[in-house]
Amino acid sequence: MSWLTGDVVDIIVAVIQAIVIMLVAVVVGAFMSFVERRMLGLWQDRYGPNRVGPFGLFQLGADMLKMFFKEDWIPPFADKRLFVLAPMVSMGTIILAFMVIPITPSWGVADLNIGLLFFMAMAGLNVYAVLFAGYASANKYALIGAMRASAQTISYEVFLGLSLMGVVAVTGSFNLRDIVEAQAGLWFIVPQFFGFVTFLIAGIAVTHRHPFDQPEAEQELADGFHIEYSGMKWGMFFVGEYIGITLVSSLLVVLFFGGWHGPLLPPFVWFALKTLFFMMLFILLRAALPRPRYDRVMSFGWKICLPLTLINLLVTGVVILLNAPTGQ
Amino acid sequence: MSESHVFSTSRGPALPEGLDSAPVVQALMQRFGADRFHFQNTLTGMPVLWIAREDLLEVMRFLRQGEHAFEMLFDLHAVDERLRGNRQGLPEADFTVFYFLTDLSRGRDLMLKVALAESDLRLPSLTPVWPSANWYEREVFDMFGIEFQGHPRLVRILMPPTWKGHPLRKDYPARATEFDPYSMTMEGQDKEQEALRFVPEEWGMKRGTDDQDYMFLNFGPNHPAAHGAFRIVLQLDGEELIDCVPDIGYHHRGAEKMAERQSWHSYIPYTDRIDYTGGVMNNLPYVLAVEKLAGIQVPDRAATIRVMMAEMFRINSHLLFLGTYYQDVGAMSPVFFTFTDRQKAYEVIEAITGFRMHPAWYRIGGVAHDLPKGWDRLVKNFLDWMPKRLNEYQRVMQDNAVFRDRTRDIAAYDTKEALEWGITGPNLRATGFDFDARKQRPYSGYENFDFEVPLGTHGDIFDRGLMRIEEMRQSLRIIEQCLKHMPAGDFKADHPLTTPPPREKMKEHIETLITHFLQVSWGPVLKPNESFQMIEATKGLNSYYLTSDGSTVSYRTRIRTPSYPHLQHIPVLMRGGFVPDLIAHIASIDFVMADVDR
């Protein structure tokens, strides 16, 4: 067993960790579809899916079976390569972004020094999925959806990044593990409150969740960019969206709510509980709010959120400079 | 035999006198000369004047402005007179086009009729005087083949563009069994599909400017926010609406044609399906118009039961409106709550009528049954349940900034515009115009009830929504008064034309047995005449204009529905708006396509 050196063991452990995290992320994302329907049911005075298994817990299995066996239809007028590529990009980029999330002190896939930038890069790439889908479908509704998505994502990504610069400036690092450790005393939600608010808004916008679901706005665009999709390809968009919610929720926890920090309970439980809280918040928002008009969403982003993040960054910078040791 | 029997015992009121001396009739005769008009005495309750084709535009212009101006072109349609037996004293005509003008503020109506010969079915178009005549004239062209000269685009509106024949003509069959079995080939399907393709140039639209192309988007006929099989072709510049063309007819079932083959009695269930969210509310104008022809006075109890059930359905329909209204503005949850309330309403409706959506429960001369035991407790429960919920719905609208932003001052129009385009009901009252047929033209005993008519101020999407919530409160008040003061007595009139006749009477002697037998087999025979009834339905003014030729079936049944003109108005209002505004406006109109296409 000479090949089983320390390095190899580390690699094997890391690979297993990565696979486990990926599987858990996908399963949690998929399970979200069930949880969302049950929670919406709760808030909307109805049951939601409760027939398959105890409390409807096996609904997910039934849905998957249905989706796998559906005809894998590609419209004859579609651009086939892009049409197939789009859902892969959608799900792939989101799962990749999970790589940088430090779950507990010992769990996490990669400790990139540019962890936060990596997330933003993946979030940026994610919009290509919507663009490809909208363009490749050769459908006018899909095209309008894609147009909305690209405009919205560009506007909201500007301050998605800026809203986090306060956190980065305080920590002095893009590494998410460093950011969590910097919050051992005080969670960043307190000093970076406006950063949190704007990031939350941008996060919802980037995942295209209600009330920022403009690209798919059912009442207007009848599902928007994925109108021509069915079966597993549609399923990938669908699950991708839920994994996106999980990702943004865990990022909120990591960046502003101290990650795994918390008294008494083990680190993983804290991380999971906090993440779950934000995932529920996403669902509650969907149950509670009407959808603003598309142009209002854009002007809200540019005229309110962007200035807010800039001011936040400015004030953070001033505070850091004032606290910095003088006389260098 | 049966006819003479029925006629001898009916005691209908004499024809109304004095309509020929109405001020507007006098003014017309003075202006154009008495010999240009022919007065027809009917049971419609308004002056009916026949005029010559050459005079039509002149007379219409006279009635558009000045002292004798009318506010609204309420209806416009035609009658195929060729098989009409009883037309003594009427001008010669193969076809008649009738124009129904109304002045809601002053409570005046006027019907003008123009006689046409089969060999020369042409008329000047009324569109230069009344723009809202556009769709009506297209429908008359579609149904009768009458040509309106000067119409901007006289094409079929309800039937498919490839259709052969004009369905409302008397020589056009009314039953599928009179046709060869239907078949559709692949080529035929392609041809039909191609015929539906939108060609912008035909509608005077440009495909683009020098530096950009417009997108033409088929919104519907299957779209989650189109509220039924409704298609609007949008001309888009980005998300901005340059123009749009509504395309209706996908829900057309020929309700007016069916009326010409069903007996007076057996047509009642068809009326339920005109505004399919209105249930028995639809029966009301029809049975009231039939009762005018028959000369039946319904007992107080029957009238009060009718009012109570009609108001139940108003609430039911408004709740459906409210849920979908919130939903189309993107709020997902309220619709589930309003449907819970609708279920509560259905518990009452089901117990009383034995049916849910389409009870077809009113009868000529009354209602189908008496109220069941314990009905008062059910109604009471409903009255206790609703007010809290309505307050909650109102808060959802008023306290939500996003909702206000989406609806305040969006798709707003004023009273003048509304009247000009034939907009009625809550959509008209949202502009601040005080007209509710239950108040200004009471029927079925509404004058005995104490309720208010809510009025809006802005005429925007927000007001149109709020209007419905307040109307539901008023409907609850009316139902409460029905509950407290339900009169004793019969639920059916004691009249030979009451259909079906009271069963106990059947067993008394041979005459009543014969009457019963004839009425449930052939159906009642009504005297030749014309009658009209307008009601404040859930979505606006709904009216039935019935022509009887002294037979068991109606000679012509014209159903004027509120949703039809509401949809015609969409392009005028939405030019320059955004797609999401269009969705919100469509939701705020409150229409169902069955009510539009009939």
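This is a predicted model: local features need pLDDT of at least 70, side-chain atom pairs count only at pLDDT 80 or more; totals for chains, interfaces and linings use all residues.
Local features are given only at pLDDT of at least 70 and side-chain atom pairs only at pLDDT 80 or more, whereas totals for chains, interfaces and linings use all residues. Residues are numbered from 1 along each chain as its sequence is written, chains are lettered from A in the order in which they are written, and side-chain values use heavy atoms, with hydrogens and water left out.

The interface is described first. The size of an interface is often given as the accessible area lost when the parts come together. Between chain B and chain A the buried area (accessible area for a 1.4 Å probe that two parts lose on being put together, summed over both) is about 2500 Å², and carbon and sulfur atoms give 59% of this area. Chain B brings 33 residues and chain A 28 residues into contact (heavy atoms within 4.5 Å). There are 3 salt bridges between chain B and chain A, where a salt bridge is a side-chain nitrogen of Lys or Arg within 4 Å of a carboxyl oxygen of Asp or Glu. Arg296(A) and Asp405(B) are joined by a salt bridge with an N to O distance of 3.2 Å. On the side of chain B that touches chain A, at least two residues each come from β8 (215-219), α9 (300-328), α10 (334-353), α12 (401-407) and α21 (579-589) of chain B; helices (H or I, at least four residues) and strands (E, at least two) are DSSP runs, numbered from the N terminus. The most residues on this side, 5, are given by β8(B).

Within chain A, helix α9 (residues 231-256) has 26 residues and its end C-alpha atoms are 37 Å apart, which agrees with the 38 Å that it should span at 1.5 Å a residue (the expected span is 1.5 Å times one less than the number of residues). Of the 26 residues of α9(A), 22 are buried, so this helix is largely enclosed by the rest of the structure. Buried means under 20% relative accessible area, exposed over 50%, and partly exposed in between (1.4 Å probe, protein chains only). Just after α9(A), Gly258(A) has a positive phi of about 75°.

Helix α3 (residues 80-97) of chain A has 18 residues. Its buried residues, including Leu82(A) and Phe83(A), pack against α1 (6-43), α4 and α9 of chain A. Ala136(A) belongs to helix α4 (residues 115-136) of chain A and is buried at 1% relative accessibility. Among the residues that Ala136(A) touches are Leu82(A) and Phe83(A), residues up to four places away in sequence not being counted.

Over all chains the structure holds 59 salt bridges. In chain B, Glu139(B) and Arg558(B) form a salt bridge at 3.7 Å, N to O. Glu139(B) lies in helix α4 (residues 133-144) and Arg558(B) in strand β15 (residues 554-560) of chain B, so the pair ties together parts that are 419 residues apart in sequence. Both Glu139(B) and Arg558(B) are buried. A further salt bridge joins Arg575(B) and Asp243(B) at 2.9 Å, N to O. Arg575(B) is partly exposed at 46% relative accessibility, whereas Asp243(B) is buried at 16%.
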